[in-house]
Amino acid sequence: MHRSKRSFAALFAGGLSFALLLVLAQPASTQVRFNGGKAYEYARAFAALGPRWPTGPGHLKAEAFIRNQFKHDQLEDDTFVANTPIGPVTMHNFIVRFPGKKDGVIVLGTHYETNYPLRNINFVGANDGAATTGLLMAIADQLRSKKLEGYSVWLVFFDGEEAIQHWSASDSTYGSRHLAAKWGGNGTLGRIKAFMLADMIGYKDLDIQRETRSTGWLVDLVRQAAKKFGYEHYFFQTEEPVEDDHLPFVQRGVPSIDVIDLDYGPNNSYHHTAQDTMDKVSARSLSVDGDVFMETMRLINQR
Ligand SMILES: [Zn+2]
């Protein structure tokens, strides 16, 4: 993802209210249902594959890991060729479908690959890619075990989110641009009730921003879900626009939210550096994410 130009004043103001809310909101936050430990374990194993940049050996391992994880599920390998600054690159989105009884689909997404420009610094993207890949795998474990009463849930593991060279509209979000265009062409987009994107929300000091191009009612449902668990201090204390895999869907009118924490380390110093390692990720944060994603899906079904 890419931070759009924005001042840090809002982040500072948010920090103060964050501290206050932390004190006020603690007593309600006792009910934890989601197994963040399992999500963390998936993320740890995924990050341990090493850097996953497109065309690299670790990317092949990541593909194999995902195929193996969902070998008994409805898994689609959405292969396409992206035109990139280094030439044509074969990429793979993975889509896992869990059928529901209601007509319509909720899509949960993450990207799983790491940055090509960072291929020589052992960048494993523990928080940036691996954590949310683990989160979706642990969510899949919950969806798999029961017949879904509501909408179908599709998990999408996007390839090519990161820029190959320098972030721009044409050098970024290859997988989501491809899939949104494909689903726009075959009528699938019209079936999608909501698209929730997860990115960089495994960080142990969780502070999720309100991404300004996300759909208002979906933001409200996430806020409502967070409140149920006493998690509201983790969510939307500040706001900023972010360019990410949700935008190709937003642009096509799909209700979408980017659930993202772009405040990663002191002055964002862990972002896109070799510092993005599993010691920065916590099972607790992944529990918060999982609880809120599951509850938001319940609210979408009631809507
Ligand atoms: Zn990134």
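Which residue forms a salt bridge with Asp73, and how far apart are the closest N and O atoms? The partner is Arg144, and the closest N and O atoms of the two residues are 2.7 Å apart.

## Basis of the model

The structure is a predicted model, in which local features need pLDDT of at least 70 and side-chain atom pairs count only at pLDDT 80 or more, while totals for chains, interfaces and linings use all residues. Residues are numbered from 1 along each chain as its sequence is written, and side-chain values use heavy atoms, with hydrogens and water left out.

## Salt bridges

A salt bridge is counted when a side-chain nitrogen of Lys or Arg is within 4 Å of a carboxyl oxygen of Asp or Glu. By this criterion, the whole structure contains 16 salt bridges. The bridge between Asp73 and Arg144 links distant parts of the chain, as Asp73 is in the loop between H3 and E2 and Arg144 is in helix H4, 71 residues apart. Helices (H or I, at least four residues) and strands (E, at least two) are DSSP runs, numbered from the N terminus. Asp73 is buried, with a relative accessible area of 18%, whereas Arg144 is partly exposed at 34%. In these terms, buried means under 20% relative accessible area, exposed over 50%, and partly exposed in between, with a 1.4 Å probe and protein chains only.

Two further bridges involve strand E2. Arg97 and Glu76 meet through their side chains at 2.8 Å, N to O. Arg97 belongs to strand E3 and Glu76 to strand E2, so this pair ties together parts that are 21 residues apart in sequence. Glu76 is partly exposed, with a relative accessible area of 24%. Lys182 and Asp78 also form a salt bridge, at 2.8 Å from N to O; Lys182 is in helix H5 and Asp78 in strand E2, 104 residues apart. Lys182 is partly exposed at 30% relative accessible area, while Asp78 is buried at 2%. Elsewhere, salt bridges that share partners join Arg33, Lys228, Glu295 and Arg298 into one network.

## The zinc site

The zinc ion has as protein donors Asp128 (OD), Glu162 (OE) and His272 (NE2), at 1.9 to 2.2 Å from the ion. Donors are N, O and S atoms within 2.8 Å of the metal (3.2 Å for Na, K and Ca); water is not among the atoms, so sites may look incomplete. The spacing of the donor residues in sequence is D-x33-E-x109-H. Glu162 lies in the loop between strand E5 (148-158) and helix H5 (174-185), and His272 in the loop between strand E10 (256-260) and helix H8 (283-302), so the pair ties together parts that are 110 residues apart in sequence. Glu162 is buried, at 3% relative accessibility, and His272 is partly exposed, at 23%.

## Helix H3 and its packing

Helix H3 (residues 57-69) has 13 residues and spans 19 Å from its first C-alpha to its last, close to the 18 Å expected at 1.5 Å a residue. The expected span is 1.5 Å times one less than the number of residues in the helix. The buried residues of H3 are Gly58, His59, Ala62, Glu63, Phe65, Ile66 and Gln69. They cover an arc of only 160 degrees around the axis, which puts them on the same side of H3; the arc is that of the directions from the helix axis to the C-beta atoms. Pro57 and Leu60 are exposed on the other side.

The buried residues of H3 pack against helix H2 (36-47), strand E2 (74-84), strand E3 (87-98), helix H4 (126-144) and E5. Contact means heavy atoms within 4.5 Å.

## Thr133 in helix H4

Thr133 lies in helix H4 and is buried, with a relative accessible area of 0%. The side chain of Thr133 reaches the backbone oxygen of Gly129 at 2.6 Å. With neighbours within four places in sequence left aside, Thr133 is in contact with Phe46, Thr110, His111, Tyr112 and Phe157.

## Residues with positive phi

Thr55, a residue other than glycine, has a positive phi near 80 degrees. Thr55 is in the loop between H2 and H3 and is exposed, with a relative accessible area of 54%. Phe236 likewise is not a glycine and has a positive phi of about 60 degrees. Phe236 is found in strand E8 (residues 235-240) and is buried, with a relative accessible area of 11%.

Terms used:
Polar contact = N/O pair within 3.5 Å; in protein donor to acceptor, adjacent residues only side chain to side chain.
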